[in-house]
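Welcome! Please take a moment to look over the sequence and the 3D view before reading on.

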Amino acid sequence: MENEKLEQNKHEKPISVLGKALITGFIGGILWSFFGAIASYFNFTSVSPATFVLRSWLHTNWSDGWLGELISIIAIGLLSIITAIIYYGLLKKIEGIWPSAAFGIALWFVVFYLLQPVFPNVSHMTDLDSDTIITTLCLFLLYGTFIGYSITYEYQDVNNTTNQ
Amino acid sequence: MNKDKQKKTIPPRIKEVERFMEDNVGVGTSFDVGFRNLTILKKTTHLYYLTGLCETAIIVELIKKLVEINDNERNIRKVPEIIENRLVHQQVTKAKSMDDVVDQLLSGLIVIFIDGEDEALIVDVRSYPGRSPKEPDTEKVVRGARDGYTENIIQNTALTRRRVRDERLRHEIIQVGERSKTDVCISYIKDIADDGLVDLIKKEIKAIEIDGISMADKTIEEYLVKQRFNPFPLVRYTERPDVASNHLFEGHVLIMVDTSPSMIITPTTYFHHVQHAEEYRQSPTVGTFIRWVRFIGIFASIFLLPFWLLLVQEPNLLPEPLQFIGPNELGNIPIVFQLIAADIGIEFLRMAAIHTPTPLSTAMGLIAAVLIGQIAIDVGLFSAEVILYVAIAAIGSFATPSYELSIANKMARVFLLIVTGIFGLKGFVIGATIYIIGLSCIRSLNTPYLWPFLPFNAKALMQIIFRISVPMTKDRPSIVHPKNNYRQPKFKS
């Protein structure tokens with residue numbers, strides 16, 4: 001990477017790809033956690049964005065309502081920027097849509113299995129009902145695809161145009 | 001193809017030409033190929049024409065001029081030059097091979113052979129039967145241009161030129177079909193469109209080897225985008241010259257096929273199919289409103305029925321305030337079968353409406369409305385809510401601007417209904433995921449189908465969610481990889 005950047009006029013483009021990756025991360029977090037909130041409203045899942053971000057630490061009235069969900073969605077949007085940075089740093093060169101889908105599923109395991117002790121309000125993976133597992137897994141898969149595929153595509157697109 | 005090797009030259013002896021035309025083109029057998037024998041300055045001259053596709057008045061005028069040569073000229077040695085000079089028409093060309101001559105003759109041009117010459121003179125007197133430009137039925141607007149493309153490719157290129165007077169607009173013509181020899185025209189603006197895309201399209205079209213493409217644009221599309229079992233439309237069609245030229249300015253490549261009024265716009269994404277010219281005829285805010293309503297309609301046409309079915313099957317999913325949803329009495333048939341049956345019933349109606357003549361269609365509409373609507377409920381076949389939701393979904397389908405997309409979405413809806421009916425919530429969630437992932441796997445001419453949603457592009461998605469006013473859209477969409485990125489100067493001087 002560093003060698004390619006030697007030409008000065010190439011400086012701007014990688015930054016803008018990273019910038020787009022950050023926006024993608026933020027919007028992706030907001031969008032899919034919003035769908036998560038809707039899914040939990042219709043009882044598709046027993047966990048909602050607020051279950052993770054707020055209710056593990058806060059036990060107030062408002063954290064159960066729509067305000068709690070809203071704040072959690074924004075918080076997940078911000079956290080999701082970190083996901084985007086991780087994907088950008090590690091996996092941006094891998095082509096195709098399936099690696100990013102696999103990334104989403106891996107992320108699900110990280111959140112629901114490895115990080116489970118951090119969220120005392122979320123029950124252990126084996127205790128969740130199957131509907132919750134399927135719904136959250138699908139949401140994470142779509143989220144992973146959204147982040148991963150967008151970053152890969154943008155990276156490849158810019159690379160192809162500069163190489164021409 | 002080894003066409004070039006076998007090209008037959010024009011025999012100087014006119015008797016041989018006559019025999020060739022009799023054997024190969026069927027002069028004397030086919031009644032629509034005619035020929036006229038003239039003697040000009042003591043030289044035999046033959047004029048061949050195709051009756052249906054020529055302008056008779058012009059031919060009469062030309063013959064009049066040719067015959068007048070006998071009165072006005074006497075230089076027998078220069079007959080070919082004199083004849084060429086006396087052909088009072090702006091489009092006169094020369095041909096050296098019989099194959100060219102035959103091709104041209106059968107496209108409606110007239111061919112003139114002169115005894116002793118190895119060249120033929122070809123005059124373009126074509127006049128194709130056809131209609132004049134008229135507003136296309138599928139893309140109506142309240143205000144704005146009422147002209148639409150026709151079946152005539154020459155007229156179509158002219159309609160485009162009327163809107164794009166740029167000298168860099170290119171109309172490249174390629175003939176496709178060994179027997180039909182259909183004209184296919186690739187239109188693009190040279191300094192905007194992506195060269196790679198233009199080359200790819202030209203390569204794919206030139207590689208087509210088929211006897212004829214009577215289904216015109218559809219056949220070309222199938223060769224171009226390799227559809228396989230994917231029901232979703234991979235190219236957008238338009239019959240509106242304003243939509244077509246707008247896409248030219250954006251850097252898209254258009255393909256027009258003679259005998260079809262539909263232009264193919266490439267490359268296309270899913271979101272090209274959910275926009276409509278009407279949105280651009282209204283103020284941006286109104287356009288955005290129309291578009292959102294349309295999006296709701298399209299969304300409802302896919303997900304409303306399966307979702308409602310899910311809530312009926314598993315009422316415990318409903319949150320407290322929405323407990324009223326769901327039928328009061330379940331009826332005699334499982335809801336999932338009622339939904340699928342009613343949906344297929346509407347499909348009957350739609351299909352029948354396409355080919356039912358207008359006087360009968362009123363009667364058909366009445367019967368269908370009464371049958372599907374009231375009697376089916378009274379008999380106990382359907383519950384009332386089924387009719388309501390199926391109707392909303394059907395109207396959502398009709399609100400989809402692209403006819404092709406609305407049918408593909410209908411298939412997706414039936415798929416979701418079936419998986420939801422069998423697997424319940426898990427079926428619905430996984431089915432919806434498959435729908436989104438499946439769409440994003442599709443690539444049309446190397447363009448991701450769900451762009452700019454997946455892969456995500458914030459700027460372009462804003463253009464789709466909001467109908468942004470034209471002075472504010474400075475960039476061309478990046479998906480077409482335009483060579484020239486700006487539609488208007490970034491900063492006004």
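What follows is a short tour of a contact between two chains and of one residue elsewhere in the text's second part.

## Where the chains meet

Keep in mind that this is a predicted model. Chain B brings 31 residues to its contact with chain A, and chain A brings 25 residues. Together the two chains bury about 2500 Å², and carbon and sulfur atoms give 75% of that area. Three residues stand out on the chain B side: Lys426(B), Ile437(B) and Phe456(B) supply 23% of the area that chain B buries against chain A, more than any other three residues.

## Charged and polar links

How many salt bridges does the rule find across the interface of chain B and chain A? There is 1 salt bridge. Lys426(B) forms a salt bridge with Asp131(A), and their closest N and O atoms are 2.8 Å apart. The interface also has 6 residue pairs in polar contact.

On the side of chain B that touches chain A, helix H10 (284–313) and helix H14 (403–441) of chain B each supply at least two residues. The largest share, 10 residues, comes from H14(B). Sorted by class, this side of chain B has 23 nonpolar, 5 polar and 3 charged residues.

## A look at Ser383(B)

Now find Ser383(B), in the loop between helix H12 (358–379) and helix H13 (384–398) of chain B. Is Ser383(B) buried or exposed? Ser383(B) counts as buried because its relative accessibility is 9%, and the cut-off for buried is under 20%. Leaving aside neighbours within four places in sequence, Ser383(B) is in contact with Pro327(B), Glu329(B), Ile335(B) and Gln338(B).

Key: Residues numbered from 1 in each chain as written. Chains lettered and ligands numbered in written order. Predicted model: local features only at pLDDT ≥ 70, side-chain atom pairs only at ≥ 80, totals over all residues. Heavy atoms only, no water. Contact = heavy atoms within 4.5 Å. Buried area = accessible area lost by both parts, 1.4 Å probe. Salt bridge = Lys/Arg side-chain N within 4 Å of Asp/Glu carboxyl O. Polar contact = N/O pair within 3.5 Å; in protein donor to acceptor, adjacent residues only side chain to side chain. Helix = DSSP H or I, 4+ residues; strand = E, 2+ residues; numbered from the N terminus. Nonpolar A, V, L, I, M, F, W, Y, C, P; charged D, E, K, R; others polar. Buried < 20%, exposed > 50% of the residue type's maximum accessible area, 1.4 Å probe, protein only.
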